[in-house]
Amino acid sequence: MIGMRLPAKTAIYLLVGVSVLLVAFPLLWMVAAALKTQSQIINPNASLLPLPPRWGNIATAWDVAPFGTFFLNTAIFSVVTTVGQIATGMLAGYAFAMFDFPAKRVLFYLVMSGLMIPFTVVIVPVVQLLADFGWVDTWQGLLVPNIASALGCFLFRQYFLSAPLELGEAARIDGASEWRIFWSVYRPLAQPMTAAFTVIAFLQNWNNFLFPLVVTSSEHLMMISQGLTIFQGQITGTAYNLLMAGSLIAVVPVLIVAMIAQRKVVEGLTIGALR
Amino acid sequence: MPPSRRARHWSTAYTFVLPVLALTVLFSIMPLVLVIQRSLYRGNVFGTNLSFAGLGNYVDVFRTGGGHALVVTAVYTAGFVVVCMLLGFGIALLLDVRLPGLRQVRAFFVIPLVVPSVATAFIWFTFFQPGTGLFNRALNSAGLPQVSLSNPTDAVIAVIAFGAWQYFGEVVLIYLAALKSLPRDVLEAASVDGAGAWQRLRHIRFPLLRDQTALIMVIATLYGLQTFTQIYILTDGGPQGATQTALYYVYQQGFGLGAGGSTGLADAMSVILFLISLAVAIIQITLVSRAARTGAA
């Protein structure tokens, strides 16, 4: 916009400021409430600012529930499922893009039908299936159903469809095995897609709430989202400073990672939604 | 020899495809078949003592508040989509203006999407605390009546507001990508010809974005139909079922009521929810292929 007038510029910056505040106000409220005393919370006329800040609230909250275990479990779950989704999605996407084989179309549509079946629709039989395996409330039950991603398969197929075939042909003439061609030639080529998909898959797995909620009940298997609900049950009273301190504990690590990797997060969320 | 898709290595191809295929069949397709089949049988939550019931479960869904749950789903999803679209489009237009600093702000809008929704749900839960929550403090100082999650209307507005706050950043991102793909020369030509900002928006940008707008609406609708955490934390489907969506009905019948629930009812509602999602997804596919044909995507 060349030659925009000053009032117009000011108005735009002002509106952007308001939009930013719209995103930020719950988080600011959380931080303020997390650092208040009980009486500051209960008094409706007390200042909105937590003065002096009670940093001890965060330590108190940390001691109420095993947040260390929750974080460790969330990390294990997110890393294993994300790596699994990338591996299985990339392999299948590669095969669907690069090979011709009998029943290819049928198999592809079968996998893609996974995109059309929301997990929420099949939640009851999936849990019963896991019960039949004896996998309810176990790590297998948490991980195995989540290591395949139809979306990943689709995105990687799209990516490999536009990859040059000549590279593989040259490697084949040199006597490279099919696995070698995949691993050394095409996998590195897909690096940008891998990075973007890793970000969306990891965030989604980290924040997965419904699946662990219906599959696990033991505290030693719980992840941060479900752990927070346990934490809520263990603190009582109408003063929610500890509840906000617990939420703060859950929010801050993700916030830091997302801000560091912001470019990839934006990219991943854009392609993930448009699929 | 010209390069060609390999026909020789069937075994490699099948091995590569197998993991995703097997897991999709086992954890999506087979369970869907099971849901449809079992929605026709009556039994307890443990799935024993089954007896064929025909469409009995579907009739019972509507006798046990399922019809109301579908209305709640429609109201919630419509409200959610409208708020997300308006906020998302408006803010994307703002951020698309070429002024210093605006590109950097973009990343800010992903925060509600990426932080755990249970945590942000607790924040929104405290907003409505009687007397001491942020909203009630603000209403109080303005001399207005209080809002409460135990009031049905307030509760519905609360879950829509929180759901939209959590998701609208996604709409901002997609619209920004769409706006960036618009032909700059057309907009600049219009600008040179004396078209004002509003005219350029109304007559050039809006028509060019029609396909993307429809697509974003569909994506947001599918997302809205999946809403769970927001309702679980804020209202637990209450008060008196005011925020019980179709999915929440499934959850309560399948898991939330213990032995008082009914898998038959959960299955029947799951099938209804699936048919709704499927209809929306088919619209999505039609839109995507139309956009691909016209080269707008």
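**Note on chain B, its partner chain A, and a helix pair in chain A**

1. In this predicted model, 79 residues of chain B are in contact with 79 residues of chain A. On the side of chain B that touches chain A, the element that gives the most is helix α1 (residues 10-38) of chain B, which supplies 19 residues. Sorted by class, that side of chain B holds 54 nonpolar residues, 18 polar residues and seven charged residues.

2. Turning to chain B taken by itself, its secondary structure consists of 14 helices and two strands, and its C-alpha trace spans about 80 × 75 × 30 Å along the principal axes. Of the 297 residues in chain B, 42% are buried. When one looks at the contacts in chain B between residues at least 6 apart in sequence, 68% of them join residues that are at least 24 apart.

3. A helix pair in chain A also deserves a careful look. How do two packed helices come to be described? The angle between their axes and the distance between the axes are used. Here, helix α3 (residues 56-64) of chain A and helix α14 (residues 241-260) of chain A have axes that come within 8 Å and cross at roughly 80°. Because angles of 65 to 115 degrees count as roughly perpendicular, α3(A) is roughly perpendicular to α14(A).

4. Which residues bring these two helices together? On the α3(A) side they are A:Asn57, A:Ile58, A:Thr60, A:Ala61 and A:Trp62, and these meet A:Asn241, A:Leu242, A:Ala245, A:Gly246, A:Leu248 and A:Ile249 in α14(A). The residues of this contact between α3(A) and α14(A) comprise seven nonpolar and four polar ones, with no charged residue.

How values were computed
Residues are numbered from 1 along each chain as its sequence is written. Chains are lettered from A and ligands numbered from 1 in the order in which they are written. This is a predicted model: local features need pLDDT of at least 70, side-chain atom pairs count only at pLDDT 80 or more; totals for chains, interfaces and linings use all residues. Helices (H or I, at least four residues) and strands (E, at least two) are DSSP runs, numbered from the N terminus. A residue is buried if 20 or more other C-beta atoms lie within 10 Å of its own, exposed if 12 or fewer, and partly exposed in between; C-beta atoms are placed from the backbone. Two residues are in contact if their C-beta atoms, placed from the backbone, lie within 7 Å. Ala, Val, Leu, Ile, Met, Phe, Trp, Tyr, Cys and Pro count as nonpolar, Asp, Glu, Lys and Arg as charged, and the others, Gly among them, as polar. Axes are lines fitted to C-alpha atoms, for helices over the stretch in contact, and angles run from 0 to 180 degrees between N-to-C directions. Angles under 35 degrees count as roughly parallel, over 145 as roughly antiparallel, 65 to 115 as roughly perpendicular and the rest as oblique.
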